[in-house]
Amino acid sequence: MVPARLPVAPRPFRDELLSSWVVRVAARYGAEPLEVMIYLAGQGGRDAGARQVDDVAPDMELLRLWAKACRIDPERLHRRSLPSRYPAQPRDWFLTETVPTCIACFDADVAAGRDAYLRGHWRLAEQVVCQSHRTMLLDRCSACLGRLRPSFRMLNGLLRPFCRRCDAVLTGGGGEVEDPLKVDFAAEVLELQRQISRIVRGDSARLDRLDYAIRTLWAPLDRDGAARPVLALWFEQPGWNCPFEARAAVGSSAPLQHLSVRWRALTLVILHDIFGPDLGPGAVLPGAALVLFRRAAPMLWLAHSRDARNRKGKRAIDVGADRVHRLSKRRFHRLNRNFLDERGDFGRIHP
């Protein structure tokens, strides 16, 4: 059967996400990517209609269908995938669940008279500030304050971004108001972001220490069943509970994957506050780091436990975090503000 050919197929931008280009192609026909994929798979594929284009691990069979339909070299599409674009970036440092956006970049698309699109570097875990406009990336809609999931539709002949939840357009001043404090904060975090990027794609030894530091900050406290992260000690607030939007990071092997933009930015600030310019532990831990790291729950020893050996190769840190994740999803107790089934602790949290 002859593969389908789409009469209109926009070319991908140089810094565009692969999934963003697929959305732009489908939007030309007033359809969702899955609908177009089912059509293409029916013309020249097997079960490709049940899959979606993945920015981190793209399926070449899927890309060939899109490439033939849009008359593009499939290798050109593959080079738009994140591993091809950032070969030195570890997989844990790619965001897989959300894509934070820069409203100023969308406004720049409007001013340039082109389709709005998602940038590839927005899916890097260390990216929390737009390097072009020096503003914080957004993962919350400024209109409905819900989790931002952009959808794209044609408006005046060009593709424009909308909030999938409240249908508010994400251009024309829909972002945060220019506040001097926010501008200064974004500028400081931008420098930390650049340092982190150099570590992530540079020395593997420094990256291992950085990963260890971030995992420890978001590890649960040493008290059995505690759903609070070690980060609670840095806040110096006894009884501090992890915010709802950051609970999934507690005890996770890749905590940045589960954090919102503001919590990822704060993590970078805390790393600088504790470790200085190195942003990670060296041969000797600073005093502040000793206090925090001493209270981290010793999860790694679970690798040698009988329960861990029976988990068929499951990572030890995931095994040790199972109870923490279950607790973190439960409601707070109405009296002590701890999670249900967690013993109340009214004493000092500091050693």
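**Exercises on a predicted model**

With a relative accessibility of 78%, N156 counts as exposed, since exposed means over 50%, buried under 20% and partly exposed in between (1.4 Å probe, protein chains only). The model is predicted, so that local features need pLDDT of at least 70, side-chain atom pairs count only at pLDDT 80 or more, and totals for chains, interfaces and linings use all residues. Residues are numbered from 1 along each chain as its sequence is written, and side-chain values use heavy atoms, with hydrogens and water left out.

**Exercise 1.** Locate N156 and describe its phi.

*Solution.* Begin with the place: N156 sits in the loop between β1 (150-155) and β2 (158-163), strands being DSSP runs of E with at least two residues, numbered from the N terminus. Then take the backbone: N156 is not a glycine, yet its phi is positive, at about 55 degrees. Most residues other than glycine have a negative phi.

**Exercise 2.** Determine whether S151 is buried or exposed, and list its contacts beyond four places in sequence.

*Solution.* First, S151 belongs to strand β1. Next, its relative accessible area is 11%, and S151 is therefore buried. Finally, leaving aside neighbours within four places in sequence, S151 touches R160, P161, F162, C163 and R164, where contact means heavy atoms within 4.5 Å.

Definitions and conventions: Helices (H or I, at least four residues) and strands (E, at least two) are DSSP runs, numbered from the N terminus.
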